[in-house]
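Biologist: I'd like to go through this model with you, piece by piece. Shall we start with how the secondary structure is assigned?

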Amino acid sequence: MTAHPIEPGRPLVPRPERTPGALRAAVIRVAPHRLAELERDTDGAIGAAARTGSLGPIIQLLDTWAVTVEIARFPSTAARLRKAEHTVGAAGRGAPARRGARDEIHALRAAARDSLARGSGTSASA
């Protein structure tokens, strides 16, 4: 896939429907390196739903990956998340930088959930 200049604040792709196929297609476009993870999660959710007789695992899967895609649709937001995740992994336990990075991750995910709840397709930035 060839990289194209993206206007700041503009999503790479439109917000997908909250269905397995639409989320998978979006992941292929905005985070192809996470496709295998999505497929493992999907298989696990379907298995859990079959074992429990509940749609809860599938709903959780769709919610989790909708947030993941919402963040990945915006390159600057995705970069902020990657940086915070790296800091959490690299900083020592109890380090202020680690706490700050965890707060950033929480804020980015909360902003994405809020954006999805509002239905606005323009920003997932906190």
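Predicted model: local features only at pLDDT ≥ 70, side-chain atom pairs only at ≥ 80, totals over all residues.

Biologist: In what order do the elements of the chain run from the N terminus on?

Modeller: The chain has five helices and zero strands. Reading from the N terminus on, then, the elements run α-α-α-α-α.

Biologist: How much of the chain counts as buried?

Modeller: Buried here is under 20% relative accessible area. The accessible surface of the chain is about 7800 Å², with 57% of that belonging to carbon and sulfur atoms. Out of 126 residues, the share that counts as buried is 32%.

Biologist: Let's take helix H3. What does it reach from its first C-alpha to its last?

Modeller: H3 covers residues 56-72, which makes 17 residues. At 1.5 Å a residue you'd expect 24 Å, and the helix comes close to that, reaching 24 Å.

Biologist: Which helices are included in what covers the buried residues of H3?

Modeller: The buried residues of H3 include Leu61, Leu62, Trp65 and the run Ala66, Val67, Thr68, Val69, Glu70, Ile71 and Ala72. Their cover includes helices H1 (20-30), H2 (35-52), H4 (75-90) and H5 (96-118).

Biologist: Now the largest pocket. Which element gives the most to its lining?

Modeller: That pocket has a volume of about 500 Å³. Its lining takes two or more residues from each of H2, H3, H4 and H5. With eight residues, the top contributor is H3.

Biologist: And which residues lie nearest the centre of the largest pocket?

Modeller: There are 24 lining residues. By class they split into eleven nonpolar, nine charged and four polar. Nearest the centre of the pocket lie Arg34, Val67, Thr68, Ile71 and Leu81.

Biologist: Why does Leu116 count as buried?

Modeller: Leu116 sits in helix H5. The cut-off for buried is under 20% relative accessible area. Leu116 counts as buried because its relative accessibility is 15%.

Biologist: How far apart in space are Leu116 and Arg18, C-alpha to C-alpha?

Modeller: Leaving out residues up to four places away in sequence, Leu116 touches Arg15, Arg18, Ala66, Val67 and Glu70. Arg18 is 98 residues from Leu116 in sequence. In space, C-alpha to C-alpha, the two are apart by 10.0 Å.

Biologist: Across the chain, what share of contacts between residues at least 6 apart in sequence join residues at least 24 apart?

Modeller: A contact here means heavy atoms within 4.5 Å. Among contacts between residues at least 6 apart, the share that joins residues at least 24 apart is 60%.

Note on methods
Residues numbered from 1 in each chain as written. Heavy atoms only, no water. Helix = DSSP H or I, 4+ residues; strand = E, 2+ residues; numbered from the N terminus. Expected span 1.5 Å × (residues − 1). Buried < 20%, exposed > 50% of the residue type's maximum accessible area, 1.4 Å probe, protein only. 1 Å grid on protein atoms, 1.4 Å probe; cavity = no way out; pocket = protein on both sides within 12 Å on 5 of 7 lines; lining within 4 Å. Points joined across faces, edges and corners; volume = space filled by probe spheres on them. Nonpolar A, V, L, I, M, F, W, Y, C, P; charged D, E, K, R; others polar. Areas by Shrake-Rupley, 256 points an atom, 1.4 Å probe, with all protein chains shown as cover.
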